Structure formats: C-alpha cells, structure tokens
Amino acid sequence: MNALSSAPAIATTCPYCGVGCGVKATPDGRGGALIAGDAAHPANLGRLCSKGAALGETLAPDTRLLHPMMRGADGVLAEAPWDAALDRVASGLRAVIDQHGPQAVAFYLSGQLLTEDYYAANKLAKGFLGTANVDTNSRLCMASSVAGHKRAFGSDTVPGCYEDLDAADLIILTGSNTAWCHPVLFRRMVAARAARGTKLVVIDPRRTATAEEADLFLPIAHGSDAALFSGLLVHLADAGALDPAFISAHTENFAETLTQARAATPDLAATAAATGLVAEEVAAFFALFRDTHRTVTCYSQGVNQSAVGTDKVNAILNCHLATGRIGKPGMGPFSLTGQPNAMGGREVGGLANQLAAHMGFSPAEVDRVRRFWDAPAIAAAEGHKAVQMFDAIARGEIKALWVMGTNPAVSLPQAREVRAALGMLDLFVLSENVVGNDTAACAPHVLLPAAAWGEKDGTVTNSERRISRQRPFLPLPGAVRPDWWALAQVAARLGHGAAFAWQGPADIFREHAALSGFENQGTRDFDISGLATLSDAAYESLAPVQWPVSAEAREGRARLFAEGGFFTPNGRARFVAPARVEAAGTGDFPFLLNTGRVRDHWHTMTRTGLSPRLAGHIRAPFVAIHPEDAAPLGLQDGALARVTSAHGTATLEVRIDAGQQIGTLFAPIHWSDANASDGAVGALVHKHTDPHSGQPDLKATPATLAPAPMRSRGFLLARRRLDLAAAPLPAGSWWARAALDGGFGWRLAGEGAPQDWADWVERLNLPEDRTELFDLPGGHYRTAAFDADGRLVFALLMGPAEAPQAWDALAGLLVEDAVSPQDRRILLSGRRAGARGPCGPLVCACFGVPRGAILEAIAAGDRDAAGIGARLKAGTNCGSCLPEIGQILQEARVPA
Amino acid sequence: MGLQRVETHENTPLTPTLSPAGRGGFPPYRLPLESPLHLSPTGRGRLRSRRVRGLPRVETLESTPLTPALSPSGRYAVAVVGAEQQLAYNRVLLSDVLAGKIAVAAAQLKPAAWWRDRGVTLLYGNPATAIDRAAKTVALADGARLPYQHLVLATGSHPIRLPVPGMDLPGVRTFRDLADVAALMEAAKPGTRAVVIGGGLLGLEAASGMAGAGAKTTLVHLMDRLMERQLDARAGALLRQAVEARGIEVLLEASTARVEGTDHVTGLRLADGRLIPADIVVVACGVRPNADLARAAGLACNRGVLVDDTLSTSDPAIHAMGECAEHRAAVYGLVAPAYEQARVLARRFAGEDALYEGSSVSTNLKVSGVHVFSAGDVTSGPGTEDIVLTDRARGIYRRLIVKDGRLIGAVLYGDTADGLFYLDLITNRTPIAALRADLAFGPVAHNAAA
C-alpha cells in the first residue's frame, strides 16, 4: 500500500441543522479534513450550506476539552484521570439519591447527541436511577411540534419527506427563515419553483431572507399563526375545498373544531384583523391553499417557540387533515427541525414527558419498558421539562445535574437565573467537547471530555425521519471518550454494569431498535425493529433509511397517513381547536424581542465560531429595529443599543431594518459571554412556556432599548485568543470576538478614554516592536505590535464612537509573513498601501465573496444574481446568500 | 549667546538692481562687460530655479525668482551684483557638497550662458559698497556705480562667530559658503579631530559632513537637545541617537568658553573646564541678517531691513527679501520664504498687485539617512493638542500640533515624506476635523478620506 495515498473519504452527516445532509470527509492526516457534500445522500444530494461547507475550519483542537477535570476542595478545576472523575460522578449521584431520592437527579441533554448516546443517558436515568428528569435542548426547539403531532396523530410522526418539496406546487413557510436556517432545503424549494412553478408563501413577522424570495409574503403579527390557519380552515369549509371522505374516514372532532374556528375567525376580515395582515394578502393566501392540491406547509421555530406553539402546530395540521393533504407526494405538514438529532432524541425518549421509543408513562408502557430493560427502579411518571427543571434546581429540589453537549447557561430563557441555579447543585457534571463555554464557567464539579463531530460514531435522524450514520474520520484526541461510554461506566459503578455492557454503538443501536419493536405490533409509529439484528458490519455500512423499518417495511417508508392509520387509540386523527389568545400588554417594555439564528452561525457558536469564513457574514451580536422605531430613539445603524427586559440586558449593535415590524426587535441567539461581553440574549428572554409542550416562548419577550453611548469604538486584531479575564479591558468596555484567518478580531467599545486603552495595552506583554498613535484630545489611540519576524501579531485601533474603524483592510495581515514598509507606514490608519481588493461583510461564505465585490460586479454591469454568480461564483454553491445578493442588486438599482 | 535663527544658510548675497529697458530712462546694462570673472564658471547665490505659474508672458522664464520680471518684451534691464567669486549656486546643497554626495559644479544654479541668454548682467566678485538713494545708484567695490530704478536687497546673513577668545585662530571656520566648504573638505580626513559648535540644522549637517569624511567629530551644543527650536524632547533624543550612531560625539548643555591654541586651533575649552582636542572648529551656531548696506543708506532696520507687504523698505524704490529682510517682525532663515518673497516681488515688477503676507516655515535636516522635518509652531502652547505617531523599530516619530481645529505645527522624524503635505495644511489653515483620524498618515489617508 502506498503510504502517501490519501485516506478514503468517509461518509458521515453534518452536525448542524435537522436537514441532516450527507458529508464526505477526507482526513488530511494533520488533524483536519476536506469536506464535501455527499452526492449519494438523499437529504442533500451533494449540496452543503455555508456552515456545512466550512466544517473543515472547525476541527480545531485548541478549544477542545481533552481530559476529565475535577473541582478540588480549593474550588479549582484540575485534570483528573477518567477513573477518578467517573468515581466522583457515581458517588455524587448515589449520595444525592440516597439523601434526596431519585427525583433530585436530572439530565439535561442535547439534540446534538447521537442516538446511541441519547439512548444510554435515557436508559440510565429513567430505568436505573429512577428519575424522569431527563430533558433536552430540543425542548427549546420543537417540543411544540412533538406535542402537536401527538395531539393530532397520537404519535410524534413527521408524515412526509423531502421529496415532497420537489413535488409540491405550493410551499408555505411559516415561522421559518429556511433560506438561512435550512439552506439546502430552501435551494430544493427554489429548484422546484424553477422546475414546476411551485409557489412560495412566507409567513413571518420579519421580512427575512426567505421572505425576499417569496411569491407572497405575509408579515404576520407576532404569535397569530393559529388565527391565520384557523381562518384558513373556515375558508376551506366555506369554499367547499375540504376532503369530506378523508375527514369522515380518518379523523374526529372536525365539526367542533370548525365551529370554534368560525367563532374565532369567521371570515377574511376577522382573520386579517387577528393577524395584522391586509385582507387582500390573506385572500391571496387562502386562494392559493384552496386551489393547490400539492401543498406542503413547513414550519419551525417561529411556530414552535411560542407560548401557544402547540396550538399553532395543530391549526396547521387541521388544514392538512381537512383537505386530506397528508402523507401523499407533494403534500403534507412538515416540521423542519433545528438540530441534527432532535429527532433521534425524540425516538429514544430523551424528553421528560416520554419514556422511551415513542412510549409514554402509561402503566402499560412503563411496565413494558421495565421488562425490556430489566429495570426495577424505572421512573413511572413524567419529569420536569427543561425550564421547569432549572426552576426545580433553583428551588433546591434537584441536587444533581448532568449536562451533555449543550450550553444552557446561554440558551435557556432567563439564562442568568439558570447560571445562578447551576451554582446551587451538589453535583454538576458537564460532558463537553470544548473548554470555556458559559456553562463550563458555572462551576461544574466534573468536566468529562466528550467526542466531537468527526470522532463520534453512531446514528442521527433528520427532519424526514431518515436515520443516517455519523461516522468518525478522526481519532479520539487526548483522553476524549464517547458520551455513551462515560454513561455506561457510571452505570457500572452504580451496580448496573450488566445492563450497560455495550462494546460499541452498534450494540446500543440494536438494543434501541429492538425496544422500538418490542410488543409493538403496529401500535407505535416508531418501529425500527427491522434494524435490530444488524451485524456490526451492516451497522457500519448502514445506508440512510427512513423509519419505520419493520418486517412490513424493510426499506423504510417515505410517507405515513395517506390512508389514515393514525396512532390514536381509535386510529383517527384528531382536529384540535386552538385556544383563544389574549393580547398581553407590554407595560414598560414597548417592544417585542424576537430571537433566532443568522445564516452562518449555529447555536452558541462553539463550532461555527471557530470558522473565519462563517465569522465574516455577521461579526457581532446585533439588534434589528424598524427605522421608524429607531429614529425617535436617535439610534443610528451600527451604533450600540442596550436592550432590556424584565429579566436581563444585552448591549448589541443596531441594525436598522425595514423588514422588522414596528414595535418589534430581533436579536440572534448565538453570542454568549464566551465571545461577547454583553451579547447573550438568553438572559433577556422570558420563560413563559407553552402549556402543552413546555416549550418556552423565545420569540416575543417584552423589551425596551436605548442608545448605549460609548466614548470609544474600534477593534482589536490578534494572532492568538487574548484572555480578557486575565487582562480585563478598561471598565465599561463592550466587546465581541470573531474568528479570522490567522487569528481573531474583537469589535470594541467603551467608556474608557484613549489613555485607558493605552494603559491596558501596556499590561499585555506585547513584543517590543510597536507602532503607536496617540491623539488623546481627538479620542484616538492605536497601536500595532510585530514579532521578531516582523509579522503583525496585534493591532488595536480605538477612536471616537461616532466613526468606528473597520478591520477589513488589516485582517489579512494576520496570515501574512511580513508587513511591507508601505503597509506598516499607514497601518494604523486602518488601511494598507495600494489596492487591496474589495471588502465589507462577507455575503457568500462558500466562496468568500464580500459585499464590496458584489457592488463592483453590479457597477461592472451585472444586473442579476446569475450574472454575479457567473462572474464571482457568489451564490452558486449553497445559495443561502442569494436573497442577500438580490437585496444588494435592488439597493444598487435605487439611487440613494 | 549668538544663537539666532540657525535654520538656514540659504540666503544669497545678491543685490539685483533693475532698470527699465530703454524707454528714455537708463540704458540697458551692458556690463559686467566681458570681465575675466565672467569666465569663472562656478556657482554663487542660491535661489533655486523655479517655475512661476500664472504669469502671462513670463512663463518661459524659469530662473531665479527674480528673472520673471524680465519679460520677453524686455521691460527691465537686470543686473545682479554679488560678493562671491562664482556664479550663483544653491546654498542649500552645501552640506551635500561637504558630505561628498554631489560635486561642487552640481550646486550651481544655472550656467553663465543661461543668464546671458536672458539678458541678465552678472556682477560677481564685486561687492556693492554703498547705496546713494538720492542719485539712485549703487557703488561697487571696483568703483563702478550702477544706476537703478528699483533696487532689491537680498544680502542674506552673516554667520555668527561666538564672542569668546580664540575665534579668530586659524582652523576656526564657519559653514556658510563654498569657500568654507572647500576649507572643511580640505581639513576633514581620517585622523582629523573636528569640533562643531551648534546643534541646529547647520551644525548637524556640518558635523555629519565632517564625520562622513572620516574626521573624529564632536558636536557641542548649548541647549539640552538638538534642534531645540524645531524638535520636541522625544524627536531630539531620537536625533541624538541617530547622530551618535554616525560616530559623532554629542555634548549637550555644553557652553563654549574659548578656543585653545596659539597659531592654530588645538582644542575647545568648555565652560565646565573640559577640553576637547581639535584640529578644526566649525562654528555653526547662528546667523544674523546682513543689513549693512541698508543701515548705511539710512533705511529703516531692526534685526533686518524692515519691509512691508509689498516688500518695500522705507524707500519705495528699494526692496528687500530673504534673510536680510524683516517682515512683520519675522526674519526668515529658510529658503522657502525667500522664494515666496521673490515670487511676490517678481509679480509686482511685472505689474501685478501681489502682496507678501508672511510664510509658514518648514525645516528639513539634510543628513544622510536621518530624516527630520519641522514646520510651524512646534511649541506646545496653551490650547494646543498633540497627535503623536511612533514606530520605535523604524525610528519613526511624528508629532502634529493642532490648535482650534487646524494644524499649526509638525515634527517628523525618520519619515519626512509627508512634510510638504503638512506644511500646506499649516499654510492654508485647513480645518482638519474631517481628516483628524488619519492626519498622522499623510496624504495617502487624506486622499482616501476625501
């Protein structure tokens, strides 16, 4: 064998959203890998979005947790051998259970765990420790879809598949910025439009990038989706567009539901009034739905993350059930999940209100699982859902918590309270693959180094019920171990070794598959018993497959429910009327704060934050506000504003955005204390939860905002990640860090005088070779430092807040081996000598095309996205920037 | 002490006289006749050739700033009278000559034929001795008397010799003209011990030239830093380092007590008693305006010949410019104001209503590899704000002094390429609020901001 030949490409799946794209990873032998889309994977057919395409930039070991750590008596975390760490976890759990009972133990899991890890955690907690306090960050993501599915179908079943998007004539996207959050699916929708004229309707309070491409955009009032679909149900009935045969054969409770819908939204005008829409827009939407048989309604967090999320889901399902448009090619309701394995977590039962394998806590189900697991201590009742779980910790009822693969100190609502609660635990175990996230900063007693993407070995399930292998292509670094292994080791220390004696993930998967089929006989939707006897080799080579996979459906099933067959006791789907929503006053908080994702980041950025490419699109936490709201507050685009709710505050860069509704704000969820001083919006978000799903309403927190006047603004570039805790910035400083090629950039602002920044720099122990600009009366202090080879290692440019400097021109020096005398001469002006090519925020992350280049292409005569794509390649890969390119084109056409 | 404005050695001892051509007045000058001196093709004077824009009918006349007055129509006959024995040369270049960077010939402004072709009569090596204002004539050393309609005094300065014993010993030289340079070049060779008195521009250039020629050179300066009028302490310290790096010993706060020696200089005695052995002493500690002719003629004088904005003296037929002139209480020791004055005067002779309202001055030290520029008011007076740019490794220091939203002074050390940019901002009193963030980076950033 030729030792120089490159390693073969490993087929795996992307660790980000729920589309579940297939990825081909080719290790480069230096700890990294070349990443490409897997053309053979049915979820993406070779496409990747900007985030997936940049995965190779995130395989950075320098942020990895590589060894177990334990907090000593002195309060300091220190490296520890696995044995000691596992002993500490086991003894801590035993002590809490002995003293306070099993309900004092909780697990908070993650939609990024593999199914096998999830299964092991769920089995240990519910079966052997006897606590159902097992919940997951999926509670924040699609719990309302789960609850809605179960109310309507009797099971948590996604009826359709991605191919329906190719075959639909109408795609409705409600509460879903698909173009940014599920870009590969969105390109599929756009391709369908090109191929068959599929119409796109986007329903969203914000004019998002997705809305930019819509045939019809409905800027709905916050939280009123249920009213819109309720009005639609009335319209369908009035227009004779129902499917009476389906309704009568396969559903129940239609008449009552329609009656309630008529009471709530009797006609077009009432619907328009309830949704804040113009009647003509509503009518156009109703007509499209009425007249288009092949209709898919996709929804995600805008529907789910709501105090009435479950009702919204059912209002949507009602319309599909009423028209029989479900489980057939090109039609159906479609929950787009946000995480790579939220579906897998649901399947194993990694939620406090599920037991296992889509079984709940009925005595029969508890008994069945108890027998299967041989688990005498099995939990017999639902546990605390995420928000309530942390409330119980704060009340002192839960004493031991094991967090795996998630960052609740950032992502949970009222996150500052969550942090305080974490400090009250007798035992706080955190399984992580990074050091230094905000949850790790909340004083865990034990840190366990978990395998990361590229090392993990197991399965995930995507939004269309497709189980795919996530395969390792890198060795486990340091003392890193898979989560299931750590769980099994703790189980063994607690005397349950026999039930956790797995040799590898294939053993766990077979057990999981067997449980799904155990005493099933078609009574439960989730049945992968057809995979329960896979050999290790067959597991290793398992091709993506959609569940159920049973004796009846050996190859899996693309769709369910076309002919009924629901999993309610009587087999009929249930219509559920949404409850009436009372408009809540906002009191001292005149704005509604909406939160969500941006195109190139994901969750709390522990992975996407490592990629310079992904950092280029949006570099700092921001708050979007309508120009008419900004003007009276004196807020300028790019200025800093302090956003405040009853629960917390954040300081964010202002983005004036006419796509915001008046009275609403939007802020991204990604920033945390690990990458910004005041960017974590979870601290502001209220913890109102949906009564059915327990999912918190993350998208409508009453808030206010005010300018955050700063004396200085500017930026810092450095080749290494500065430890701002060790060298605190001048008092009153604001910062947000982004990854750059060759280093990091910090946007800075502060109350400090220029001299304060100069004094701070003196504490940094920089190289002697420095250049400095002092204009203290003018408010400027700037400096750059060079190493012995003359390379730029540090640059700080601070000036008056009104005209902040941009780092675009200088950032490239972080990867250059020398600074030319010409560049060095004017470096502190924030410029480089000669023409350097266009800059500005990155628009196309896949090909690294900044806004400036697109403006130049327009100036050179390009008049559409195709022309720009031909010239610059921008938008020709994942296409998630196409709406933005369209917007730039539009702006360029309108003379300022 | 005679530490007057040391900045320059660029004043020419020219005494041009102008006479209307023909038209019933005086005949055109026909002399300096084919005098033997005329054959000496060396330089003298030093007002560099300059293009004068915006003057119809004279635009082809690129010569000294005075020659534009010689319109092609021959409005005036022009004679130039000078004491030195050679054709006008560029005094600014003397330090380059001393440093061996250029030949003597290269310092010459224009060849004799150039002047002749333009009808300018050159009378050099023949000093003017007196002005008869009533008769409107100038007496020359050889007894000739030149009539004039307009007389321009550009007699420059005298170098200062310190009032201490031994200053007249052989081996004590000033650094003012080509004869001085020739003597210094003759003396400066490896093994020679040279002492230069004066840490201003001229002294630094002299010391650099001496050291460059191999002399063991000591620079003695009365003040606590070099070029104290142009530089702040930081730039002065950088300059001292650079000068010392050239092998020049720098003694600051060193007051000269006497020059030692009997028939030739043997050393310099400082007030603190130290003795610096020396084979040659260069006195470069200042100049004073040469207003001798004017004073003798009864023209109003103070430090220099007093002139108004038309550059007229108290006698409207007599004008003064350059280092000998005192305008609005300022005596300029630099070349640029002399050019500006010359342009104004030339335009007035050409019939325009030009006025001279003063100059912003800048200084360039011309020591090989050491770049120092200073312009405007560099003292940190009340209400001033400093913008300071440093690059330690590259030896770059730049201080810009801002007052009331305008640049009033600039000190550039190590990188002086942007000096004229700042001088323009100072001269034009350009509001700099919009430029301020980038001001320290010169026109590159300025253009980008525009």
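Domain bounds here come from an automatic or database domain assignment. For chain A this assignment gives domain 1 (10–62), domain 2 (69–140 + 342–515 + 530–543), domain 3 (143–335), domain 4 (591–707), domain 5 (712–829) and domain 6 (851–893). The model is predicted, so local features need pLDDT of at least 70 and side-chain atom pairs count only at pLDDT 80 or more, while totals for chains, interfaces and linings use all residues. Residues are numbered from 1 along each chain as its sequence is written, and chains are lettered from A and ligands numbered from 1 in the order in which they are written.

**Chain A overall**

Chain A has 31 helices and 34 strands; helices (H or I, at least four residues) and strands (E, at least two) are DSSP runs, numbered from the N terminus. Along the principal axes, the C-alpha atoms of chain A fill a box of roughly 80 × 65 × 65 Å. Of the 896 residues in chain A, 63% are buried, meaning that 20 or more other C-beta atoms, placed from the backbone, lie within 10 Å of the residue's own. Two residues are in contact if their C-beta atoms, placed from the backbone, lie within 7 Å. Among contacts in chain A between residues at least 6 apart in sequence, 71% join residues at least 24 apart.

**Domain 1 against domain 2**

The C-alpha centres of domain 1 and domain 2 of chain A lie 25 Å apart. The contact involves 17 residues of domain 1 and 16 residues of domain 2 of chain A. On the domain 1 side, strand E1 (10–13) and strand E2 (22–27) of chain A each give two or more residues, and E1(A) gives the most, with four residues.

**Chain B against chain A**

This contact takes 17 residues from each of chain B and chain A. On the chain B side, strand E23 (384–391) and helix H9 (442–449) each give two or more residues; the largest share, six residues, comes from E23(B). E23(B) also pairs with strand E30 (residues 769–775) of chain A in the antiparallel sense over four bridges, where pairing requires at least two DSSP bridges. Leu773(A) stands opposite Leu389(B) in E23(B).

The table gives both sides by class; Ala, Val, Leu, Ile, Met, Phe, Trp, Tyr, Cys and Pro count as nonpolar, Asp, Glu, Lys and Arg as charged, and the others, Gly among them, as polar.

| Domain 1 of chain A, touching domain 2 of chain A | eleven residues | six residues | no residues |

Key: A residue is buried if 20 or more other C-beta atoms lie within 10 Å of its own, exposed if 12 or fewer, and partly exposed in between; C-beta atoms are placed from the backbone.
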